[in-house]
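My entries follow in the order in which I looked.

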Amino acid sequence: MLRLRRLLVQHHFLTSYSARAASSVARRKYDVIVVGGGHAGTEAAAAATRIGAETLLITQKIETIGALSCNPSLGGVGKGQLVKEVDALDGLMGRAGDYAGVHFSILNRRKGPAVWGPRAQLDRGRYKEFIQSELLNLPRLTVIEGSVEGLLVSAADPERPGKHRVTGVRLAGGGNEILSSSVILTTGTFLSGSLFMGKTTSPGGRMGEPPSCAGLTHSLREILGLKLGRLKTGTPPRIVKETVDFSLAQLHLPDSRPTPFSFINTHTHCKPEEQIPCHLTYTTPGVDRVVGESLHMNSHIQQDTKGPRYCPSIESRVLRFPGRQHQVWLEPEGLNSDLLYPQGLSMTMPPEMQLRLIREIPALRRADIRTPGYGVQYDFVCPMQLFPWLQLKSVQGLFLAGQINGTTGYEEAAAQGLWAGINAGRTALSMPPLSLSRTESYIGVLIDDLVGHGVTEPYRMFTSRAEFRTSLRPDNADLRLTPKGFEEIGCASSHRYLEAVRVRQGLSEALSALKSVTLSPSRWREKLRDVCISETKSTLISGEEMLQYKDVSFDMVASAFPEILSPYLEFSERIKIEAVYRPHCEKQQREMERMREEESLSLPPDIDYFSLPVSLSDEVREILDRARPSTLGAAMRLQGVTPAAIVHLLNYVTRTGRRSRAQRDTDRQTKTPDWKHRPQTDQQAESNRNQEAGVVLQN
């Protein structure tokens with residue numbers, strides 16, 4: 001009955017939103033228009049509305065909003081950190097994962113918490129249900145079905161950087177024009193998308209769905225003059241569950257206590273005992289043989305377009321590593337689904353060869369395929385053309401997020417969508433755009449890598465990409481980002497903010513209490529008999545230092561001092577992690593401060609590097625002109641920019657900065673205060689005269 005009610009509610013939303021004709025929305029101007037309803041688009045639309053922007057989301061099919069196009073999973077190493085950060089900024093993805101998850105696990109558990117990877121297998125239907133329910137209930141958001149045929153382009157505002165200005169979109173079918181202050185493109189694999197299976201090619205961004213209109217690509221390449229590239233990806237066949245022999249595969253159980261993605265959830269929707277397992281199997285020499293026999297029938301694998309290095313097709317893996325066994329994970333698609341997703345068997349050979357290939361794996365000897373795998377090729381915009389706030393440098397009001405920027409994965413798309421939505425909303429509401437530093441978040445690392453280095457293959461997040469990963473842990477994303485999201489950005493709710501403040505205060509008090517508990521090594525041995533403390537150690541040890549021992553938990557120390565520490569048992573695991581990493585984080589903090597100083601030195605967006613009166617080689621000038629880094633720190637990370645060039649840039653920025661400050665001081669001294677030109681009450685006039693005279697009045 002509950003399921004039926006959900007379906008009826010969902011049907012009501014879809015029909016009511018579909019009924020809003022494009023002609024009705026064309027009569028008004030929006031603050032933000034989001035094109036595309038995938039993971040980037042949904043987060044962008046939600047973030048823009050949280051900022052306070054009137055937002056329009058245009059998608060080809062409302063019923064596919066929140067669809068998991070490829071693997072039914074969320075998170076992982078590096079990716080899980082992104083999900084936690086999106087949640088800390090009040091995004092949708094983490095809560096959706098908690099609602100739809102059917103198998104939760106922490107990857108890399110044997111290593112330190114800094115590189116743990118929160119991950120979950122998802123129920124496809126539940127995930128889509130949650131996203132649609134949340135999105136279609138948002139205030140200030142309108143959702144319509146349609147395809148964008150082109151962008152409305154006008155002359156740029158001469159007071160801001162850029163050659164063009166986007167003022168809205170033109171819809172296909174009737175040519176309706178919809179105006180907006182900002183536009184976000186989140187086209188995923190649909191931008192000039194083509195589907196490949198064997199030698200067959202057809203237009204599309206996903207099986208059964210057409211690509212974006214050709215006019216959109218024309219707008220980007222021909223009208224706006226952007227540099228575009230082409231990438232490819234693929235998906236495996238879906239296997240009928242009842243035709244698999246699980247006795248020939250390795251059983252992998254979920255964690256007995258599921259860990260939620262969202263900081264505001266204490267438990268997941270799926271109960272621990274209701275979780276379902278995954279299974280692991282391996283390829284055989286027969287798989288290599290089928291790949292070799294099918295190459296002449298596989299046009300996708302023969303093309304030079306770059307595919308994902310870290311999620312390659314089985315054809316690419318066999319060709320690159322012949323004779324090697326490859327893992328194949330058999331992942332459930334939902335609690336009641338009769339299908340399995342064979343992670344590791346993405347393929348684009350003809351359907352009959354796909355069936356031959358999977359049946360070369362012992363557990364799949366009698367397996368049947370419900371839908372075959374296929375490949376996708378699509379256009380992307382080279383991301384070095386973006387500012388760190390994901391607006392194009394040459395186009396005012398146009399933001400990009402997701403696979404259109406050369407990334408792969410739901411989590412990378414959602415992170416970009418959230419940040420593009422925030423900044424598109426702020427720009428539309430006449431607020432300055434914001435950047436996230438790579439010293440404070442994985443989202444900052446992701447965006448800095450994209451805009452600073454570009455991509456030659458689909459970009460995937462790993463913990464190894466973050467220099468400060470011991471500080472940027474999945475467990476502390478709320479402490480790092482939620483206060484900023486509420487106080488500075490305006491995208492986090494007061495409820496979430498107050499919870500983050502409560503946790504921060506609790507952790508601080510707990511660590512202070514631990515520091516106050518100091519005993520000699522012999523006394524600690526008496527209190528904690530199972531802990532091995534060196535006999536040579538003679539100095540006093542605090543409770544915080546005791547937590548740095550691998551086998552000592554906060555619960556153990558709290559049991560020895562219940563009157564002091566028992567109030568903080570709810571933060572037990574987080575206190576342990578904070579205590580273990582504090583020495584490392586303090587050391588990293590100095591390095592982070594240095595990087596922040598470099599990042600704070602802004603480079604003018606309209607700087608002419610070819611005429612800059614400093615000693616730079618032609619090669620360095622070309623690199624800087626092509627990348628147009630926004631800060632000195634970003635310039636330092638460009639390949640080919642020498643340390644000597646950075647010194648010259650630093651001197652130039654410092655000199656021009658001093659001249660600018662001197663000019664501002666002169667202007668301030670000669671300028672008449674604004675308050676003298678405005679009508680004032682007697683009290684305001686007296687207050688302003690006191691301020692001008694240097695009098696400070698205390699209440």
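Entry 1, the pocket. Before reading off a volume I wrote down the term: a pocket is an open set of grid points where a 1.4 Å probe fits, with protein on both sides within 12 Å along at least five of seven lines. The model I am working from is predicted. On that basis I looked up the second largest pocket and found that about 1,200 Å³ of space lies in it. Its lining is made up of 38 residues, and those closest to the centre are Thr 259, Pro 260, Asn 265, Glu 573 and Arg 574. H15 supplies the largest share, six residues. By residue class, I noted 15 nonpolar, ten polar and 13 charged residues in the lining of the second largest pocket.

I looked next at how the lining helices pack, and found the axes of H14 and H15 to be 9 Å apart, at an angle of about 140°. Because of that angle, H14 counts as oblique to H15. The crossing of these two helices is left-handed. From H14 the contact is made by Asp 478, Leu 479, Thr 482, Pro 483, Phe 486 and Glu 487, and from H15 by Ser 494, Arg 496, Tyr 497, Ala 500, Val 503, Arg 504 and Leu 507. I sorted the residues of this contact into seven nonpolar, two polar and four charged.

On the H15 side I listed Val 503, Leu 507, Ala 510, Leu 511, Leu 514 and Lys 515, which meet Arg 574, Ile 575, Glu 578, Ala 579 and Arg 582 of H20. This contact holds seven nonpolar and four charged residues, with no polar ones.

Lys 84, Glu 85 and Ala 88 of H4 make the contact with Ala 477, Asp 478, Arg 480, Leu 481 and Thr 482 of H14. I counted the classes here as three nonpolar, one polar and four charged.

Where does Glu 360 lie? I found it in the loop between helix H11 (351-358) and strand E18 (369-371). Its C-alpha atom is separated by 7.6 Å from that of Thr 283, 77 residues apart along the chain. Leaving aside neighbours within four places in sequence, I recorded contacts of Glu 360 with Thr 284, Gly 286, Val 287, Arg 289, Val 290 and Arg 365.

Key
Residues numbered from 1 in each chain as written. Predicted model: local features only at pLDDT ≥ 70, side-chain atom pairs only at ≥ 80, totals over all residues. Heavy atoms only, no water. 1 Å grid on protein atoms, 1.4 Å probe; cavity = no way out; pocket = protein on both sides within 12 Å on 5 of 7 lines; lining within 4 Å. Points joined across faces, edges and corners; volume = space filled by probe spheres on them. Helix = DSSP H or I, 4+ residues; strand = E, 2+ residues; numbered from the N terminus. Nonpolar A, V, L, I, M, F, W, Y, C, P; charged D, E, K, R; others polar. Axes fitted to C-alpha atoms, helices over the stretch in contact; angles between N-to-C directions. Parallel < 35°, antiparallel > 145°, perpendicular 65-115°, else oblique. Left-handed = near helix turned anticlockwise from the far one by under 90°. Contact = heavy atoms within 4.5 Å.
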